[in-house]
Amino acid sequence: MAVALRARGSSTGGRRKIGVGWIVATYVLLVFFTLWTLIPFFWMFIASIKTNKEIYQDFTIVPRQVFWGHYYDLFTGPYAIWMRNSTVVSTAATILSIILGSFGAYAITRLRFTGRRVIAIGLVFTYLLPASLLFIPLFQIVAGANLSNSIYGLMLVYPSFTLPFCTWMLMSYFRNIPLELEEAALIDGCGRLGVLFRIVLPLAAPALVVVCLFSFTNAWNEFLYALVFISSRDMQTVTVGLALMQGEDVFYWGKMMAGALLTAIPPVVMYTLAQRLVIQGLTMGGVKG
Amino acid sequence: MAQQQIALGPRRAATHTSPALRRVLGRDWLLAWAMVGPVVLIVLALLIYPFVDAILLSFQERFIGKEGTWIGFANYVSFFNGVDKGFGKAALVTFIFTGGAILGKFIVGMAMALVLNQQVPARNIFRGIMFLPWAVPAVVSAYVWRFLFDTTGPINGMIAEYGLMDDYIYFFSDARIALPALILVTVWSGTPFWTMNLLAGLAAIPQELYEAAEIDGATTSQRFLYITMPSLQSVIAVTAMLSTIWTSANLTQIFVLTGGGPNYATTTLPLYAYLTAIPGHQLGAGAAISMMVVPFYMILVYFLTRRMLQQEA
């Protein structure tokens with residue numbers, strides 16, 4: 001994702017003049033790709049406000065009447081608890097990761113010590129290590145700590161992916177803060193921690209926000225650990241709770257699409273917010289493209 | 001990285017240590033380790049230790065909640081002598097799934113990036129829309145497509161309503177359609193990552209190259225083949241490697257869409273490891289399945305680590 005974050009900001013390129021034919025072709029393709037992207041979202045929303053009769057018997061594209069009952073159904077079940085669990089776990093993992101990650105990233109980018117390179121390599125390595133390689137031993141650890149079937153188990157484990165991510169992202173941002181500012185502060189008698197809190201972190205504020213948003217989103221979207229560590233439905237996070245809703249024989253599509261829509265909202269909102277901030281952060285920090 | 005160090009200023013953290021120690025541990029070692037220590041500890045505890053533990057587990061017969069028995073390579077041997085019938089199939093499915101999905105993401109992502117790179121009004125709005133599937137949780141995207149493909153869903157709904165075909169398409173109970181359908185969903189949700197990276201790569205190509213080529217009379221396809229593609233080579237390589245790791249390891253969408261069926265037609269190795277270890281209670285065998293893909297990851301991670309550190313330096 002390191003590459004991805006930067007890509008969002010790029011707006012140069014394609015400066016050459018193009019002919020009418022190309023403009024038409026471009027718009028045809030733009031419309032095509034927009035439809036390809038949006039049609040699933042469209043159906044998700046439409047199904048969530050259709051009555052069961054219109055979903056299962058009379059096929060309609062646009063519903064004849066708007067029906068909010070699926071959303072009501074959703075909240076008579078454990079959905080609100082799943083939402084709360086996801087929020088708590090994602091927030092906890094993000095706060096821990098951004099604090100420890102800030103210190104770690106500063107040390108790696110700005111201080112001189114033996115082992116720095118090994119730690120930097122180790123971070124990339126762990127950032128790339130997929131959860132599907134680790135869930136079995138982590139399951140044992142969580143069970144051994146008597147934390148299975150509890151969101152505390154997830155809070156323990158989620159930093160395994162949010163922390164390397166935060167540290168790695170912050171490293172590239174910190175590197176682009178001009179050294180001269182720090183040098184001046186150090187000469188004026190400011191300590192290292194003073195430099196971090198008074199100069200680096202305020203300058204990196206947009207980056208901190210972006211990294212927080214992405215870390216929260218990653219934790220919110222997480223699936224495998226929650227599936228493996230939590231066995232009781234009422235204790236689940238929203239992604240797994242949602243997935244296990246289809247366990248029953250009948251597919252309650254209206255309710256399931258309503259749940260899917262609400263689950264997608266927090267990351268989509270954060271992504272939309274972050275997109276603007278990333279561009280802002282890019283122009284401020286002059287990050288390499 | 002060396003030139004980025006601060007050469008000036010008081011060095012309080014280091015004043016109490018002897019020069020010799022400082023030379024070995026580095027100038028700022030005390031403060032540095034105090035700051036980076038928690039990160040290192042958590043990474044060791046949550047990633048390195050479990051990783052080693054998974055290796056040890058893979059040599060045991062171990063059921064959930066029981067003590068393990070050391071059985072050496074027996075778990076691994078069972079993959080090759082036909083005792084474990086699912087492994088070979090899962091490996092093949094993983095290969096087809098990953099290969100198909102990467103190819104699809106590359107083609108659609110490239111087309112999207114080229115279109116979004118055109119200087120047309122409102123392209124930032126289009127970018128925002130086309131990146132959306134990337135932000136959506138994997139469960140949600142899988143769920144929506146499950147609905148689209150369901151017999152009571154819109155695709156079959158339209159087929160029935162407008163008489164397009166004689167029968168419904170049973171996307172997930174027909175073994176020949178299930179895997180391609182799964183690949184399609186993965187392409188839908190994974191394309192934005194490719195588009196973003198390719199767009200960044202396109203933006204970095206100097207415009208002078210295109211201008212010079214145009215003066216020399218190069219056609220559009222020639223410019224694409226001889227300027228665009230070679231310039232994107234390294235972006236494509238990095239994106240392909242990252243995408244391979246994440247696509248092959250991701251079992252969320254498969255879990256939701258097909259659960260691995262019908263008849264293991266969509267069971268990839270990570271899902272097979274999950275099914276063996278958790279519902280099947282055989283932690284040792286599950287760990288061994290996970291470990292079989294590690295050599296491939298190691299090769300990819302080795303090249304990626306080198307590239308990513310190069311970029312950062």
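## A tour of chains A and B

Begin with both chains in view: 117 residues of chain A are in contact with 119 residues of chain B. Keep in mind along the way that this is a predicted model.

**Stop 1: where the chains meet.** The size of an interface is often given as the accessible area lost when the parts come together. Here the area buried between chain A and chain B is about 10,900 Å², and carbon and sulfur atoms give 73% of it. Now select helix H2 of chain A, residues 20-48. With 15 residues, this helix gives the most to the side of chain A that touches chain B. Taken as a whole, that side of chain A is made up of 78 nonpolar, 26 polar and 13 charged residues.

What about polar links across the boundary? The rule finds 9 residue pairs in polar contact across the interface of chain A and chain B, counting pairs with both residues at pLDDT 80 or more. The count of salt bridges between the two chains is 0.

**Stop 2: a salt bridge inside chain A.** Side chains of opposite charge can pair when their charged atoms come close. How many salt bridges does a search of the whole structure find? Over all chains, there are 2. To see one of them, select A:Glu182 and A:Arg110, whose closest N and O atoms are 2.8 Å apart. This pair links distant parts of the chain, with A:Glu182 in helix H10 (residues 179-187) and A:Arg110 in helix H5 (residues 79-110), 72 residues apart.

**Stop 3: two crossing helices in chain B.** Move to chain B and show helix H9 (residues 175-203) together with helix H11 (residues 220-249). Their axes come within 9 Å and cross at roughly 145 degrees, and the crossing is right-handed. Show side chains where they meet: from H9(B), pick residues including B:Phe193, B:Trp194 and B:Leu198, and from H11(B), residues including B:Leu232, B:Ile236 and B:Trp246. By class, this contact has 10 nonpolar, 7 polar and no charged residues.

Stop 4: Most residues other than glycine have a negative phi, and most peptide bonds are trans. Which kind of peptide bond joins B:Gly261 and B:Pro262? It is a cis bond, with omega about -10 degrees. Then click on B:Asn263, in the loop between H12 and H13. B:Asn263 has a positive phi of about 50 degrees although it is not a glycine.

Notes:
Residues are numbered from 1 along each chain as its sequence is written. Chains are lettered from A and ligands numbered from 1 in the order in which they are written. This is a predicted model: local features need pLDDT of at least 70, side-chain atom pairs count only at pLDDT 80 or more; totals for chains, interfaces and linings use all residues. Side-chain values use heavy atoms; hydrogens and water are left out. Contact means heavy atoms within 4.5 Å. Buried area is the accessible area (1.4 Å probe) that two parts lose on being put together, summed over both. A salt bridge is a side-chain nitrogen of Lys or Arg within 4 Å of a carboxyl oxygen of Asp or Glu. A polar contact is a pair of N or O atoms within 3.5 Å; within protein, one must be able to donate a hydrogen and the other to accept it, and residues adjacent in sequence count only if both atoms are side-chain atoms. Helices (H or I, at least four residues) and strands (E, at least two) are DSSP runs, numbered from the N terminus. Ala, Val, Leu, Ile, Met, Phe, Trp, Tyr, Cys and Pro count as nonpolar, Asp, Glu, Lys and Arg as charged, and the others, Gly among them, as polar. Axes are lines fitted to C-alpha atoms, for helices over the stretch in contact, and angles run from 0 to 180 degrees between N-to-C directions. A crossing is left-handed if the near helix is turned anticlockwise from the far one by less than a right angle, and right-handed if clockwise.
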